[in-house]
2 protein chains.
Amino acid sequence: MSFKGHRMTNQRRTILEVLKGTTSHPTADWIYDEVKQKIPNISLGTIYRNLNLLAESGQILELNYTNTQTRFDGNPSPHYHFICQECGRVYDLALELQPQLDMEAEQISGHRIDFHRLEFYGICQECLTHDSPPN
Amino acid sequence: MSFKGHRMTNQRRTILEVLKGTTSHPTADWIYDEVKQKIPNISLGTIYRNLNLLAESGQILELNYTNTQTRFDGNPSPHYHFICQECGRVYDLALELQPQLDMEAEQISGHRIDFHRLEFYGICQECLTHDSPPN
DNA sequence: ATATCTGCAAATGGTTTGCGGAGGA
DNA sequence: TCCTCCGCAAACCATTTGCAGATAT
């Protein structure tokens, strides 16, 4: 099982499994801690190299919503996100895709538009109902 | 001329002028080089401190589209952007705002949504018509 | 067989910060 | 006056990378 000339190493498989097995849009550091439980001597450099390679080959998504740590999404199919400004959690949104926006923007701007990214910001349900939110 | 207890120093005024005087969504480094022409001994730390302060007080926008350098926008009113994947330039888009998306996303998710960010990606008109694009 | 990958550790580079002095209000 | 701000330089920290050995195919 490989992907376009890339080898499916134990490290790469485990990283992909961990990322596919969560909906929390984790950071490289969080993934590192998780994978370490299965491959104790894995290095953080390997985590980064594989996350970048997986993102380049379209198997995962890279999310840059802040200027600090990058987050990763095991679901590579197009969808929108919600970012809670209180706890920082990132949620998937079931909002339907809006491909007509690409057409409109293309006509207005004259640029060739391939895709768009849409992120919503606010306070998540969890933080709204709890005084001291976890995480 | 101040802003909520903040002092309007020569450095801060010049940084704001430079940023308001361009539509190129520059990086802190570019702003540094520009401001240095007027205040030769200004430090990069001052650039960052002021950009952060101006962003926090809503006078400018902070754009995090990549995991490398942050870009800044002298126009703080809500609008959408287009990022060219060939030359990296960031353009403003005249596309009308889509506030109904906030309503829809709020109903679907149950989170309180305050605003959204929408960015389009593709190849800009400049790069489409020129073989070797500048910048 | 061999090109890709890994662990290790050092380097990178954008951004932040502590400090003592300067300068707006 | 006094509190915020500045320049300077070091620190910070997420991410990248060079190298020599390991491993998937």
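This is a predicted model: local features need pLDDT of at least 70, side-chain atom pairs count only at pLDDT 80 or more; totals for chains, interfaces and linings use all residues.
Student: How do you know that the copies meet through the same surface?

Tutor: Check the interface residues: 100% of those in chain B are also interface residues in chain A, so the surface is the same.

Student: What makes A:Phe120 stand out in the largest nonpolar core?

Tutor: That core has 28 residues, and A:Phe120 and B:Phe120 touch the most other members. Strand S3 (80–84), helix H4 (100–109) and strand S5 (112–123) of both chain A and chain B each supply at least two residues of the core. The contacts of A:Phe120 include A:Phe82 and A:Leu95, plus B:Leu101 and B:Phe115 from the other chain.

Student: Why is the pair A:Asp33 and A:Lys36 called a salt bridge?

Tutor: Their closest N and O atoms are 3.8 Å apart, and the cut-off is within 4 Å, so the pair qualifies. The two sit 3 residues apart in helix H2 of chain A, about one helical turn.

Student: And why is A:Asp33 called partly exposed?

Tutor: Its relative accessible area is 38%. Buried means under 20% and exposed over 50%, so A:Asp33 falls in between.

Note on methods. Residues are numbered from 1 along each chain as its sequence is written. Chains are lettered from A and ligands numbered from 1 in the order in which they are written. Side-chain values use heavy atoms; hydrogens and water are left out. Contact means heavy atoms within 4.5 Å. A nonpolar core is a set of buried Ala, Val, Leu, Ile, Met, Phe, Trp, Tyr and Cys residues joined through side-chain atoms within 4.5 Å. Buried means under 20% relative accessible area, exposed over 50%, partly exposed in between (1.4 Å probe, protein chains only). Helices (H or I, at least four residues) and strands (E, at least two) are DSSP runs, numbered from the N terminus. A salt bridge is a side-chain nitrogen of Lys or Arg within 4 Å of a carboxyl oxygen of Asp or Glu. Lists of a residue's contacts leave out its neighbours within four places in sequence.
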